[in-house]
Amino acid sequence: MVRKGKHSEVNRARRHFIGLAAAVGARIATLGALAGIALPNSAEAKWKPWFGNGKPGRGNANGHGKGGRPMCLLRGTAILTPTGEVCIEDLRIGDLVQTVHGEARPVKWIGRHRYRRSGLRWNEDTLPIRISCHAIDGHSPHRELYVSPGHALFIDGVLMRATDLVNGASIATARVDDRESIEYFQIMLDTHDVIFAEGAPVETFLLEERNFERFANFAEFARLYPGDQDATMAPFAPIVGCGGREHLKALLRLATGHRVRPRSALQDTYEKIAARSEKIFC
């Protein structure tokens, strides 16, 4: 007779840890394959190279990532407005979007960014992160949500990058090998804020250090808002991040049954999401 309960949870966590460790190994191998690096189509994106200008922006915590890749939402993502959900690519400047505090605010600008696959495989850092239905807190997102790795979600009063929440199950890198291009969009308001994408609270664009130039349509922003080109927004909330090493530590605590007090809000949230994924996928 198999006993269920705490031992069963520990076994599931161990399996989850082994799976994530394998995923990390696969990522390292992929990064070593230079043929798989993806570059945007220069004919479609006449802007600064995707690897940026060497200024990652606020310590890589808000989605610019290494080399200044912009933080974005995948084409087709539903954004909450006062009249219902609208696909992000259908929004226009001046349209109202619902914010996390209940206020409807007008869109100031929408950045666009397209990548084209140049090799047999996509660069791992370009691939969207898939956040499964109900993965965050049991009710959000209400559909699968796809964001760029550095895009931040508003959870427990702080902003956390999607890449820092990856657990290999409920939150994982999406496989899009059948696609020749990936198109991202990002919404800018007058200030940095949090809106709802597929029901999940996600950040809007945080303007700083001319990072609007990392979008393909940067010239549009420069033309519409010449006085804002050197502006810097204040973050909506504290930004936390710790990277993959802390993910492994968190899963080790789950796998060994040690319930020590988490050292950060991100570790605490990561463990809760990882534990919830076991219920969703097991």
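Predicted model: local features only at pLDDT ≥ 70, side-chain atom pairs only at ≥ 80, totals over all residues.
Biologist: Why is the pair Phe-205 and Phe-215 called edge-to-face?

Modeller: Set the values against the cut-offs. The centres are 5.3 Å apart, and rings pair within 6.5 Å. The planes stand at 80°, and over 60 counts as edge-to-face. So Phe-205 and Phe-215 are an aromatic pair of the edge-to-face kind.

Biologist: What makes Phe-205 count as buried?

Modeller: Its relative accessibility is 1%. Buried means under 20%, so Phe-205 qualifies. Phe-215, at 0%, is buried by that rule too.

Biologist: Which residues do ring pairs link into a cluster?

Modeller: The cluster holds Trp-109, Phe-205, Phe-212, Phe-215, Phe-221 and Tyr-225. The structure has 7 aromatic pairs by the ring rule.

Biologist: How do you know that the charged end of Lys-108 sits over the ring of Tyr-225?

Modeller: The charged end of Lys-108 is 4.8 Å from the ring centre. The limit is 6 Å, with a further condition of 35 degrees from the ring normal. Lys-108 is listed as sitting over the ring of Tyr-225.

Biologist: Which residues have the most contacts inside the largest nonpolar core?

Modeller: They are Leu-73, Ile-79, Ile-131, Leu-145, Ile-171 and Ile-187. This core has 29 residues.

Biologist: What is Leu-145 in contact with, leaving aside its neighbours within four places in sequence?

Modeller: Its partners include Leu-73, Ile-129, Ile-131, Ala-197 and Val-202. Thr-77, Arg-130 and Glu-198 are also among them.

Biologist: Why is the pair Arg-114 and Glu-183 called a salt bridge?

Modeller: The closest N and O atoms are 3.0 Å apart. The cut-off is 4 Å, so the pair passes.

Biologist: What does the pair of Arg-114 and Glu-183 tie together?

Modeller: Arg-114 lies in strand E6 (residues 109–116) and Glu-183 in strand E12, so the bridge joins parts 69 residues apart in sequence. Arg-114 is partly exposed, at 28%. Glu-183 is buried, at 12%. Salt bridges with shared partners join Arg-75, Glu-89, Arg-114 and Glu-183 into one network.

Biologist: How do you know that Arg-210 forms a salt bridge with Glu-213?

Modeller: The closest N and O atoms are 2.7 Å apart, and the limit is 4 Å. Arg-210 also meets Asp-230 in a salt bridge, at 3.2 Å from N to O. Arg-210 is in the loop between E14 and H2, and Asp-230 in the loop between H2 and strand E15 (239–240), so that pair ties together parts 20 residues apart.

Biologist: Are Glu-213, Arg-210 and Asp-230 buried, partly exposed or exposed?

Modeller: Glu-213 has 10% and is buried. Arg-210 has 29% and is partly exposed. Asp-230 has 62%. Exposed means over 50%, so Asp-230 is exposed.

Biologist: How many salt bridges does the structure hold?

Modeller: It holds 11.

How values were computed. Residues numbered from 1 in each chain as written. Heavy atoms only, no water. Phe/Tyr/Trp six-rings, centres within 6.5 Å; stacked < 30°, edge-to-face > 60°. Buried < 20%, exposed > 50% of the residue type's maximum accessible area, 1.4 Å probe, protein only. Core = buried A, V, L, I, M, F, W, Y, C linked by side-chain atoms within 4.5 Å. Contact = heavy atoms within 4.5 Å. Salt bridge = Lys/Arg side-chain N within 4 Å of Asp/Glu carboxyl O. Helix = DSSP H or I, 4+ residues; strand = E, 2+ residues; numbered from the N terminus.
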